[in-house]
Amino acid sequence: RSTASRTFDILHNSCVTTAINTINLTMSSADEDSTLQGLSKAITAIEKKFYGLLPDEKIHGLTGMMKNGIEIVKLQEEIKAQQQLIKNLENPSQSQEEEKGGVTTQKNPRDKHYMMRVEQFKILYNLYNELHLTGERGRVENLALEHRELHPINKEVCTVCLEDVPITCLNSVQYFGCCGNFICNQCTQASCAGGQLRMKNCPCCRAEIFVATKEKVRQVEQLAKRGRPWAQTRVGDFYLYGSSVQHGHHKVDVQEALKWLKLAAEQNHPDAIRMIAQLHHGVYGKGKVKEVEQCHIKARALLKEAADLGNLKAQRNYAMMCRLGQGGPEDKSEAAHYYTLAYSQKGLSFEKDEIAPLEISDDLRDEVLHAGLFLGIYHFYGDGGFTRNVFTAKYYLEEHVKESEKQCAYLGLGSDSYMYLAACLMELQERTFGRNITEYSIPGYSSVPRAISLYRKAVKLGIDSPNKYAQHSKEVLKNLLSKLKRFCGHCGVASEDTPEGMLKACGRCNSTWYCGKECQTEHWKAGHKSDCVRQQV
């Protein structure tokens, strides 16, 4: 079986016919040993032929696919074993008996047995989470590699390390105005100390690097006239926004900016194409760009061209136009495709030109955060060609909220981010432990306090700017709290059965209610301490 699976793993393109013919010939043999030997030889020959046709980048992609496939198979086996273990725990052993004074009594293992099952359910939840995350990692990697094959990215050679560097925007490399050459970001970082560039002379022409700002602008203008696309894009940017006296005192001149940007776009510079598209889209203000025809159709076509060249901003903006139906029909599948490409640049290494998404980094760019938000929403609803997957949606939304709050990028945070993440947490809580209201306060295993905290944040964001997400969060929060107030979070006693006729809320999270101090103390020690989320003022 392993031999056959290896055979089908390498069937592709021109090798398909060869593999099928070889398998048919070897399978016709009556001798099992000779069949396996023939298959093994056929596989070795096909592997050599197959991998000999592929570039190194494709082999890297296949290795990643195989690695993800092995991880998925292992996780599936662990999930089956965990499910069987939980099934065995459903019927506790009847041998829980002990003898006291000659009388045989039956133990009551309910509490201990219940928490054992809860712990196993949590393990199963973590396995499912890892399984779906591994599958999503493979999807993002494969989509990015396939897109690169169809739409190659512009590459140039670094003058120091002589490695091919993808040129996707003006900030992809460190340009030198003296000669127009560049070094890659890795070489730039290696030459920096305390954030300052240590080299004083250009590594190519040996000219002095640190010159006056006016001289730098003059150098860029000369390089633009000599046909350097990055310099032409920079000059177009000067005229588009206008520059101060220190930068040459360029007045705002859209026609002049468009002239330089078109020259750079003819050489397929991604940033130049994106800026022309934004002029057609009216991003810079309709009153400012009267000279440029306002046409969303042209803007959408140009943004797609720049996005295919690897420009991160263009990928985000083109996905937005597809999602909103601007310049063409609404296309959520196309939007999801380019949001995925934008998100794949989260772990892009310009040194090795490899894609390693879903890796935690220090800071994420706004375009990546935006892409992650809508990928999470698409996975939550099952839009954009995705199958509905709450585990994957939770990952994207959780990262979006966490990174945005860490970077204080509150302008990018809205009620929708908090609402969708809270909905994911509540649904996974109910899937794992059940819909019974008493299951919402399992000590050490409940995500309900955090979900309530997120709903409250969504409602607060909607106070100044009312929206449907804040209103929906308010309704969900009202229904959820009305249910939680009826039962003690530890012993489960109803509020009407208490002497006071009401329960008291946890003063820290205000999302769990108790019949008395004793229950609250025991519940805190049992695990509510790790679930409790302090409410922000």
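Trainee: Is Cys424 buried or exposed?
Mentor: This is a predicted model, where local features need pLDDT of at least 70 and side-chain atom pairs count only at pLDDT 80 or more, while totals for chains, interfaces and linings use all residues. Residues are numbered from 1 along each chain as its sequence is written, and side-chain values use heavy atoms, without hydrogens and water. Buried means under 20% relative accessible area, exposed over 50%, and partly exposed in between (1.4 Å probe, protein chains only). Cys424 has 0% relative accessibility, so Cys424 counts as buried.

Trainee: What is the relative accessibility of Cys187?
Mentor: Cys187 also counts as buried. The value behind this is 11%.

Trainee: How many disulfides does the count come to?
Mentor: The sulfur of Cys187 is too far from that of Cys184 for a bond. By the disulfide rule, the count comes to 0.

Trainee: Which element of the protein has the highest mean pLDDT?
Mentor: The predictor's confidence in each residue is its pLDDT, from 0 to 100; the protein's mean is 78, and 74% of its residues reach 70 or more. Elements are DSSP runs numbered from the N terminus: helices (H or I, at least four residues) and strands (E, at least two). Strand β2 (residues 103-106) has the lowest mean, 37. The highest, 94, belongs to helix α13 (residues 332-344).

Terms used: A disulfide is a pair of cysteine sulfur atoms within 2.5 Å.
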